[in-house]
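Subject: Structure for your files

Hello,

Here is the structure I said I would pass on. Please look it over when you have time; my notes come after it.

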Amino acid sequence: MQDAKSIRIRLLAHVEACRPDTMFYAGTIGLSGAILTRPDAPAGLLFLAWFVPTLAWIASLYGGDYFDRELDGLTKPHRPIPSGRIRPVTARNAMVFLIGAGMVLAVVVNPLTVLLAIPATVFGIAYARWLKGKGLWGNASRGLPSALTVLYGSMTVQPLPAPQLAALSLMFWVHDSGSNLLGALCDRDGDRRGGYLTYPVKYGDEATVRGLVRFYVGWVVLALLCPVVLGDRVDPVAYYVPLTVAIVLGWVSLYSVIRAPRPIDRAVSLRAHEIVVVERIILGTFLIAAAGRIELALVVGVPSILLTALARRLMRRRYEPQGVVSGDSG
């Protein structure tokens, strides 16, 4: 009985480490890149366009837990490693295994994807190990893998990425750099105690809000202009209608931070981040519909949004008694 309970605790700890409230996003970006390049691509290739980025995302989460274990011990003792439910070496090995498995699958499909996998891995590890405390450089480095994921998705269905996806790739880079900055605002107090000079810690809330506004305006402008470059790859109505939903949700999140009293309470930034978590699933899947695969967008997007929202609620319920909620944005 004790062994069964111990196994259950460890399994739940690994589920928690995988952050089910964020893990469905990266795959939608890769899938969008593949669909926009070749809407009629075989199901197996489309699955890999979704699956490999998902493995990489989970690997980055294990890596973040491993490299931040000392900081988490001070500020988030409920996390799997500081609570003792996952050993540090286990998290490190999980990161290495997932990175390796993802690279093998990617290279089997298209050996040239290694040109994307290597920088994505380097920047992912560098963020967790060194760049998190380097201000906007850290936020930008965390957004880069999303940009590369768009190109990877394209390369799962043809040898080189479609040039028309460059603007879209940049849009995701700007968007995710902003969402990571919002995550840094959520963790401001803990990072300050741990000595991490993130942008909110170094420059304060007002400068952080200005940065969030710039990132928001940047990705919205790029998103609105992308159809000009994508041309007949997308249907304008199927593109702009769901994009409007994402833009509105992004503004609701941003405005809640803008109007918050200073210093911004952690609960406010966490609620703002919860909105972004749902908004970016929409941002990742609406392109599939815009490319003419509405049924696939629904099959992928609806469960992803529901599972993301459910996981967020369950994780909040778990942490509220301790007064904290996981604020990592990735």
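Below are the notes, first on the overall fold and then on a few individual residues.

Please keep in mind that this is a predicted model.

Overall fold

The protein has 13 helices and 0 strands. Its radius of gyration is 19 Å, close to the 20 Å that the globule rule gives for 330 residues, so the protein is as compact as a globular protein of that length. Along the principal axes, the C-alpha atoms occupy a box of roughly 50 × 50 × 35 Å.

Of the 330 residues, 55% count as buried. Taking the contacts with a separation of 6 or more, 76% are between residues 24 or more positions apart.

Surface and charge

The loop between α1 and α2

Two residues in this loop may be worth a look. C18 sits in the loop between α1 (2-17) and α2 (25-37). Is C18 buried or exposed? Its relative accessible area is 14%, and buried means under 20%, so C18 counts as buried.

Which residues does C18 touch, leaving aside its neighbours within four places in sequence? The contacts of C18 are M23, I58, L61 and Y62. For one of these, I58, the C-alpha to C-alpha distance to C18 is 5.5 Å, with the two residues 40 apart in sequence.

R19 is also placed in the loop between α1 and α2. R19 is not a glycine, yet it has a positive phi of about 45°. With a relative accessibility of 3%, R19 falls under the 20% cut-off and therefore counts as buried.

The loop between α11 and α12

The other loop to check runs between α11 (236-258) and α12 (266-290), and P263 is placed there. The peptide bond from R262 to P263 is cis, with omega near -5°.

Regards

Conventions
Residues are numbered from 1 along each chain as its sequence is written. This is a predicted model: local features need pLDDT of at least 70, side-chain atom pairs count only at pLDDT 80 or more; totals for chains, interfaces and linings use all residues. Side-chain values use heavy atoms; hydrogens and water are left out. Helices (H or I, at least four residues) and strands (E, at least two) are DSSP runs, numbered from the N terminus. Buried means under 20% relative accessible area, exposed over 50%, partly exposed in between (1.4 Å probe, protein chains only). Contact means heavy atoms within 4.5 Å. The radius of gyration is taken over C-alpha atoms; the globule rule is 2.2 Å times the number of residues to the power 0.38.
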